[in-house]
Amino acid sequence: MLAVFEKSISNPPEELSLPSLGLENSMNREEILQTFRSSSTEVTVYNLTNGNFMALSHDDTSYSHPRSIVVLDDVFCIFIGTLVNTSDLRRHYGLPRQATEAIVVVEAYKVLRDRAPYPIDQVIKDLQGNFAFVLFDANSGTLFISRDRNGSVELHWGLAGDGSLVFSNHSNIIKEACSKSYGPFPPGCIFRNGSGLLSFDHPLNKVRAITHKDDDFENICGVSFQVDLYTRIPSIPRSGSASNWADQESPPPHDHHDHDDQIELDFIS
């Protein structure tokens with residue numbers, strides 16, 4: 001799986017660009033897609049606007065982690081893995097028996113988009129199983145990514161040479177594409193452009209960026225993210241009717257220019 005979105009759409013975390021010798025050695029979007037095509041014999045590619053794309057390789061499909069890609073009402077979704085409660089979710093969303101996991105995820109996203117109030121963490125928490133998915137709503141420009149709480153399905157993200165945000169379950173592809181400016185997508189988390197990272201098990205706790213330094217403690221050689229169980233996000237008290245909950249489903253958008261609101265960094269060697 002491979003998905004690449006320009007910086008203006010994806011609004012990537014600034015911390016991904018911290019590793020030294022990162023972006024200057026990274027590929028652009030065209031080079032990344034060419035590399036992915038050359039590494040697989042059968043690839044499905046959806047070319048989106050402005051050079052953005054989503055692609056899925058059908059080589060070596062795993063029985064335990066099957067892969068699928070679906071497009072419904074201009075919502076594109078790549079899903080890897082399985083859900084153990086697919087039947088329950090089909091009934092919940094009024095879907096036919098043949099609806100796949102990818103279709104279930106698209107419907108869950110549409111509920112968040114169209115039928116508020118629904119807390120984002122509660123909707124994704126209902127997905128039980130081993131999974132990772134990348135979803136893009138072409139009409140609204142919304143990018144939506146999540147990975148199961150156990151990290152059972154491999155998923156990485158990083159920055160391309162032009163600042164685009166790259167997602168892939170192929171570690172070798174993302175290493176080539178992003179040089180040092182990449183890391184594992186944190187398990188149990190959701191990323192939505194405009195809202196940033198959120199833990200669906202601990203939605204009121206910060207997701208902290210952790211930088212890893214080289215042996216000389218001089219250069220940042222990698223960045224990862226994890227939930228800080230000791231630091232809570234300031235929240236607006238719920239008041240009045242349930243309609244107020246729609247505005248509280250996720251923390252306020254991350255303002256890259258407000259240093260007081262930036263994700264705090266830990267440095268480890």
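Good morning. I begin with Asp114, which is partly exposed at a relative accessibility of 47% (buried means under 20% relative accessible area, exposed over 50%, partly exposed in between, with a 1.4 Å probe and protein chains only). The model is predicted: local features need pLDDT of at least 70 and side-chain atom pairs count only at pLDDT 80 or more, while totals for chains, interfaces and linings use all residues. Residues are numbered from 1 along each chain as its sequence is written, and side-chain values use heavy atoms, leaving out hydrogens and water.

Arg113 meets Asp114 at 2.7 Å, N to O, and the closest N and O atoms of Asp137 and Arg113 are 2.9 Å apart. Since Asp137 belongs to strand 6 and Arg113 to helix 4, this pair ties together parts 24 residues apart in sequence (helices, H or I of at least four residues, and strands, E of at least two, are DSSP runs numbered from the N terminus). Asp137 is buried, at 1% relative accessible area, whereas Arg113 is partly exposed, at 35%. The structure holds seven salt bridges.

Another of them joins Asp88 and Arg91, at 2.3 Å, N to O. Both residues lie in helix 3 (residues 86–93), three residues apart, about one turn of the helix. Here Asp88 is partly exposed, at 45%, and Arg91 is exposed, at 60%.

Six strands form an open, antiparallel sheet in the order 4-5-6-7-11-12 (two strands pair if DSSP finds at least two bridges between them). Strand 4 (67–72) and strand 12 (196–199) are the edges; each has a single partner strand, so one side of each lacks a neighbour in the sheet. From one strand to the next, the twist averages 15° (axes are lines fitted to C-alpha atoms, for helices over the stretch in contact, and angles run from 0 to 180 degrees between N-to-C directions). Helix 4 (residues 101–114) packs on the sheet and touches strands 4, 5, 6 and 7 (contact means heavy atoms within 4.5 Å). Its direction makes about 125° with that of strand 5.

Finally, confidence. The average pLDDT of the chain is 84, and 82% of the residues score at least 70 (pLDDT is the predictor's confidence in each residue, from 0 to 100). Over residues 238–264, pLDDT stays under 50. Where pLDDT is low, the predicted coordinates should not be read in detail.

Conventions: Salt bridge = Lys/Arg side-chain N within 4 Å of Asp/Glu carboxyl O.
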